[in-house]
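Q: Please take a close look at the ligand site of this model. I would like one connected account of the surroundings of the ligand and of the space that holds it.

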Amino acid sequence: MTSPLRLSDEVATALPAARPVVALESTLFVHGLPRPVNLEVAAEIERIVREEGAVPATIGVVAGEGVIGLSRDEIERLSTQSDIPKLGVRDLAPALALRRDGATTVASTSVLAHHAGIAVFATGGLGGVHRDAVDTFDESADLTTLARTPITIVSAGVKSILDVAATLERLESLSITILGWQTGRFPGFYLRDAGFPLDWTVEEETQVAAVMAARSRLDLPGAILVANPVEEELDQAQHDRVLAEALAAAQREDVRGKAITPFLLDQFHRATDGASLRVNTEIIYRNARLGARIARAWSER
Ligand code: PSU
Ligand code: MN
């Protein structure tokens with residue numbers, strides 16, 4: 001059977017040579033960031049990964065091909081076209097079969113990256129349990145997918161738009177390892193501390209690589225989440241006010257399903273006059289840098 005994936009030349013050369021590769025997701029810049037900065041950010045993430053001595057593999061679906069290492073033109077195609085679908089894991093097979101374009105989420109990017117043999121993935125914030133999940137059952141497929149996908153993912157915790165306490169409970173039930181990067185507190189994306197302690201803290205990239213090796217020796221099925229807090233957080237009072245407004249707007253406009261995360265992020269970007277966008281891009285850049293360093297530690301071990 002032929003592989004459903006297409007690797008960029010750079011990635012195809014790096015992987016068999018065990019050189020460091022960092023997977024990056026496309027939903028982040030296609031649905032999570034406004035135009036035209038999304039395109040700049042997508043390019044800057046790759047530049048940072050390269051600066052740290054690793055190969056970037058931005059992942060998405062183009063004309064029915066799962067692409068591991070989108071070209072500049074393909075990133076532009078996904079970032080500027082309207083109506084690019086947000087593809088979860090359940091959408092991958094139809095998108096490939098029907099030869100569509102699509103952006104991949106944390107969940108579907110993890111699956112494709114792992115399939116290609118990539119060990120480290122850097123993103124912004126993980127999806128999780130939504131605040132009204134008791135009524136809506138809205139829990140991101142990021143969680144259940146990471147429970148069965150052995151990849152190491154660098155993220156600034158989960159977005160504070162979610163029910164963080166419930167998300168942490170689910171991460172525990174699903175046996176997803178969490179390592180606080182130089183912190184003992186779980187970060188809340190826009191905020192450095194979402195208000196919950198962590199059991200494990202790591203100080204160095206080599207420690208993360210050692211945890212990855214131990215996980216692999218035990219043949220555990222799940223992901224390792226490296227929780228990397230942002231340095232300059234959003235003003236707490238502004239955060240709480242904008243969040244309350246954004247949640248009310250979502251309810252008023254009856255936004256549901258996979259539209260809710262992009263909707264709330266967009267509300268934040270508008271209501272904070274760019275402040276949340278600055279924090280958001282900073283988070284992504286920091287995670288890309290750390291992801292590249294972890295990928296290096298992993299390949300040098
Ligand atoms: N974090 C961000 N921006 C994003 C997302 C996360 O900073 O755009 C995206 C990721 O692709 C994540 C998805 O997998 O939101 C979660 O969506 P949902 O809640 O519908 O599962
Ligand atoms: Mn959802």
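A: The account below begins with the ligand and then turns to the pockets.

This is a predicted model, in which local features need pLDDT of at least 70 and side-chain atom pairs count only at pLDDT 80 or more, whereas totals for chains, interfaces and linings use all residues. Residues are numbered from 1 along each chain as its sequence is written, chains are lettered from A and ligands numbered from 1 in the order in which they are written, and side-chain values use heavy atoms, with hydrogens and water left out.

The shell around ligand 1 holds 17 residues (each with a heavy atom within 4 Å of the ligand). Glu-25, Ser-140, Asp-142, Lys-159 and Thr-261 are the closest of these. By class, the shell comprises four nonpolar, eight polar and five charged residues (Asp, Glu, Lys and Arg count as charged; Ala, Val, Leu, Ile, Met, Phe, Trp, Tyr, Cys and Pro as nonpolar; the others, Gly among them, as polar).

For Glu-25, the distance to an oxygen atom of ligand 1 is 2.6 Å. For Lys-86, an oxygen atom of ligand 1 lies 2.8 Å away. Lys-159 has a polar side-chain atom 2.7 Å from a nitrogen atom of ligand 1. Of the 480 Å² that ligand 1 exposes when taken alone, the protein buries 94% (Shrake-Rupley method, 1.4 Å probe).

Ligand 1 sits in the largest pocket (more than half of its atoms lie within 2 Å of the grid points). Helix 2 (27-30) and helix 12 (260-271) each give two or more residues to the ligand shell (helices are DSSP runs of H or I, at least four residues, numbered from the N terminus).

A pocket is an open set of points on a 1 Å grid over the protein atoms alone, with protein on both sides within 12 Å along at least five of seven lines, and its lining residues have an atom within 4 Å of a point. The largest pocket contains about 720 Å³ of space (the volume filled by probe spheres set on the points). Its lining numbers 39 residues, with Lys-86, Thr-105, Ser-140, Asp-142 and Lys-258 closest to the centre. Helix 12 contributes most to this lining, with four residues. The lining divides into 15 nonpolar, 15 polar and nine charged residues.

The second largest pocket holds about 410 Å³. Among its 16 lining residues, Asp-132, Thr-136, Gln-251, Val-255 and Ile-260 lie nearest the centre. Helix 11 (236-252) and helix 12 each supply at least two residues of this lining.

Key. Polar contact = N/O pair within 3.5 Å; in protein donor to acceptor, adjacent residues only side chain to side chain. 1 Å grid on protein atoms, 1.4 Å probe; cavity = no way out; pocket = protein on both sides within 12 Å on 5 of 7 lines; lining within 4 Å.
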